[in-house]
Amino acid sequence: MASPPPSKPMKATSNGSFQGDSPLDYALPLLILQIILVVVFTRCLAYILKPLRQPRVIAEVIGGILLGPSALGRNKAFLNGIFPPKGMTVLETVANIGLCFFLFLVGLELDFNSIRRTGKKSLGIAICGITLPFVLGIATSAILRATISKGVQHGPFLVFNGVALSITAFPVLARILAELKLLTTDVGRIAMSAAAVNDVAAWILLALAIALTGTHSPLVSVWVLLCGAGFVGFAVVAILPLLAMMARKSPDGEPVKELYICVTLSIVLAAAFVTDTIGIHALFGAFVVGIIMPKEGPFAGVLIEKIEDLVSGLFLPLYFVSSGLKTNVATISGAQSWGLLVLVIFTASFGKIVGTVALSLFFKVPLREAVALGVLMNTKGLVELIVLNIGKDRKVLNDQTFAIFVMMALFTTFITTPLVMAVYKPARKGAPYKLRTIFRKNPDTELRILACFHTTRNIPTMINIIESSRGTRKRGRLTVYAMHLMELSERSSAISMVHKARHNGLPFWNKKSDNKDQMVIAFEAYEQLSTVKIRPATAISSLNNMHEDICACAHQKTAAMILLPFHKHQRLDGTMESLGHSFQVVNERVLRHAPCSVGILVDRGLGGTTQVSASDVSYTALVAFFGGRDDREALAYGMRLAEHPGIALTVFRFIARKGKTLRFGAQLVGITADNKKILKEEDSSQENEEDEKFLEEYKKLMSSSKENEESMLYEEKMVDSKGEIAVALKTLSKHNLFIVGRMPPTLPLVESSDCAELGPIGSFLASSDFSSTASVVVIQQYDTTATQPLVVEEVDCELPESSNSMV
């Protein structure tokens, strides 16, 4: 019987539907449709799983399985239309090219200098975490070969089983640790170091497994391994000097030459070709180039920026889908199959967790930390799927075994986050401190400010505000912790930055000269020219819990005020443009949980777009005073600014006529950070006494010297309506800086506002209708009677840099 004629290869492009061609019969439009479907589907799943704090790899694996024959692929029309067998070669080719570049990025994250410095504890835990599950994998492979994997090659099957059970996904683990804020803990440090060692060992074992497949001649396997080792030696001797030369010729502050980028990417592909020719796998060549790539300097960072978004966003999900199309969960049927799935999951988890816990306890790691470490080391992910796919392509794993191992990888990674959260959540602890506000009985004590910024746009005004706040008292110096707030994303560059910074402690204070965040250099330069002590830092966190890092750092550094950037910036036409609601939510949460006073800076270019030197400072600042604790804190900050010789301060007090209040008969007290209105009138007699007492202190200071009389002014304005307040403020809009309390006892000056965190007056001053030149600082005084819990648990202990003696 004659064999059927071979099917014709797919053409790249069609002539269009009007010519009678179906786009799905041609490679390019079919691939475009597949990419769009995969990206949209997996991103939707990632959004659904986000509340469970799962890494995106989980959504991509599940998405691949759902698109495959396990779910949607059961519809043959869908499977043959969107993922036809004749189109799978193109899909898998593109996915594997993306995978080569992703493995190059993974190699970039692995720093051999860090691995060499790995302590005995991490090295021992890594070795034990590989050995025990690998040994258990041998026993499991014997059971699988006797049941569902009969006839497979014994040696390769044994090694593939051992690697699949003993592997730890380094990139996924880094993401989970960062999400759970464990990177700076002992558990995170040990886990990252052990995972790095584990990753390298797993790739060596996988190379061994691949070398053993496809032949029954041990001599061929030996040649493959020797050639692989020779390629690694060649890469170190010949490729490394070329990469190092290009890295040296790409200094900081200068653009990297396009030729260097092109040469590096070509080297990655060439290395992949060589290792595939040897018979190991194309991925190994790309991985080796990533490992030997110099990590110092901007060259590696530019490479990551050039390729990671395209690879991680488009090509990598295709690999998961191609894996999902090979995974048919329906093959796991019957008591035997489900029993084997439970056995594989139990063996993998038991080997990893018990092996890690046992050795951790031997090194005197506390039990809860040891269990958390064991669970973390059980994380699987992309590398696991790579191992399984290679095993399936090499006919070492059949459909049923492949499905069982994919489900094991999915289950063990999925349970990592909830188990670690249940077992181990390190409490943030700090010593209690007293000086939590700018206002204090002894003004000669040190003032500590935590100044936060998101982008370089905030830096000039932030530095000019700091310069204005330095005061002139010899004993009451100013210490500023300048914290760059960076959103933790799925991008591997973010993981790489966290990995480099994790050993510096929370929130990654830059104690060393290398690996510095470029955005804090301006603050260091300012420190050299001033008497202000600057401590630059970089904090990397997801936006939904960034406030925890901010509040915890303020507590641990005993700050008196947190200075936050407003979530809107001013465009050239004067209108205020939002940077995103998430940044506003961060500010609102800080206001609720802050351990000290909080100031929100509405930046309209105080001093221009550059840092102003001390001798050139010349501002007019105004404190709009209505009364209440927040206004008193604003006045205390204004008095601090008034000490600067280049600043003229005006206190403008708004008062109502006798028998009336600034609320003008309304019962509204204010708006809380969560947009709830307080509709009850409070007894304000005590508040009025405090206001009068504080204003008297200002007047005494104003009349204490001739210089103060010239630079400090006081005015009062009788108002009968909120309209008069608005008009009066507009007449004062020529001032450079406005300082107001967040919750003064007055009605909002705008009918509606999406900036409840600024309060009734701050919302008006921040609006485009008020001014395009006056920056605003809205201050909330720390309330000792607040019911919101502090992020840091206060304990009576002495902490370095946080003791009351330093304040």
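Helices (H or I, at least four residues) and strands (E, at least two) are DSSP runs, numbered from the N terminus. The model is predicted, so local features need pLDDT of at least 70 and side-chain atom pairs count only at pLDDT 80 or more, while totals for chains, interfaces and linings use all residues. Residues are numbered from 1 along each chain as its sequence is written, and side-chain values use heavy atoms, with hydrogens and water left out.

**Exercise 1. The chain as a whole**

Task: State how many helices and strands the protein chain has, and what percentage of its residues count as buried.

Solution. 
Step 1. The protein chain contains 28 helices and 16 strands.
Step 2. Buried means under 20% relative accessible area, exposed over 50%, and partly exposed in between (1.4 Å probe, protein chains only). Of the 807 residues, 57% count as buried.
Step 3. The accessible surface, from the Shrake-Rupley method with a 1.4 Å probe and with only the protein chains shown counting as cover for residues, comes to about 34800 Å². Carbon and sulfur atoms hold 60% of this surface.
Step 4. A contact means heavy atoms within 4.5 Å. Among contacts in the protein chain with a separation of 6 or more, 80% come from residues 24 or more positions apart.

**Exercise 2. The open sheet**

Task: Give the strand order of the open sheet of 10 strands and identify its edge strands.

Solution. 
Step 1. Two strands pair if DSSP finds at least two bridges between them. Strands of a sheet pair through backbone hydrogen bonds, either parallel or antiparallel.
Step 2. The order is S4-S3-S2-S5-S8-S15-S14-S9-S10-S13, and the pairing is mixed.
Step 3. Strand S4 (533-541) and strand S13 (712-719) are the edge strands, each pairing on one side only.
Step 4. On average, neighbouring strands of this sheet are turned by 20° against each other, direction ignored. For such angles, axes are lines fitted to C-alpha atoms, for helices over the stretch in contact, and angles run from 0 to 180 degrees between N-to-C directions.
Step 5. S3 and S4 run parallel and are joined by nine bridges; Met483 has Ala537 of S4 as its bridge partner.
Step 6. Strand S2 (residues 447-453) pairs in the parallel sense with strand S5 (residues 561-565) over three bridges. Ile449 has Met561 of S5 as its bridge partner.
Step 7. S4 is largely enclosed by the rest of the structure, because eight of its nine residues are buried.

**Exercise 3. Helices that lie across the sheet**

Task: Determine which strands helix H21 lies across, and which strands helix H27 lies across.

Solution. 
Step 1. Helix H21 (residues 521-528) lies across S2, strand S3 (478-487) and S4, and runs at about 170° to S4.
Step 2. Helix H27 (residues 722-731) lies across strand S9 (619-625), strand S10 (647-656), S13 and strand S14 (737-741), and runs at about 150° to S13.

**Exercise 4. Cysteines and a loop proline**

Task: State how many disulfides are counted, and where Pro745 lies.

Solution. 
Step 1. A disulfide is a pair of cysteine sulfur atoms within 2.5 Å. By this rule the count is zero.
Step 2. Cys44 is partly exposed at 44% relative accessible area, whereas Cys755 is buried at 5%.
Step 3. Pro745 lies in the loop between S14 and helix H28 (759-765) and is partly exposed, at 21% relative accessibility.
Step 4. The C-alpha atoms of Pro745 and Gly627 are separated by 6.6 Å, although these residues are 118 residues apart along the chain.
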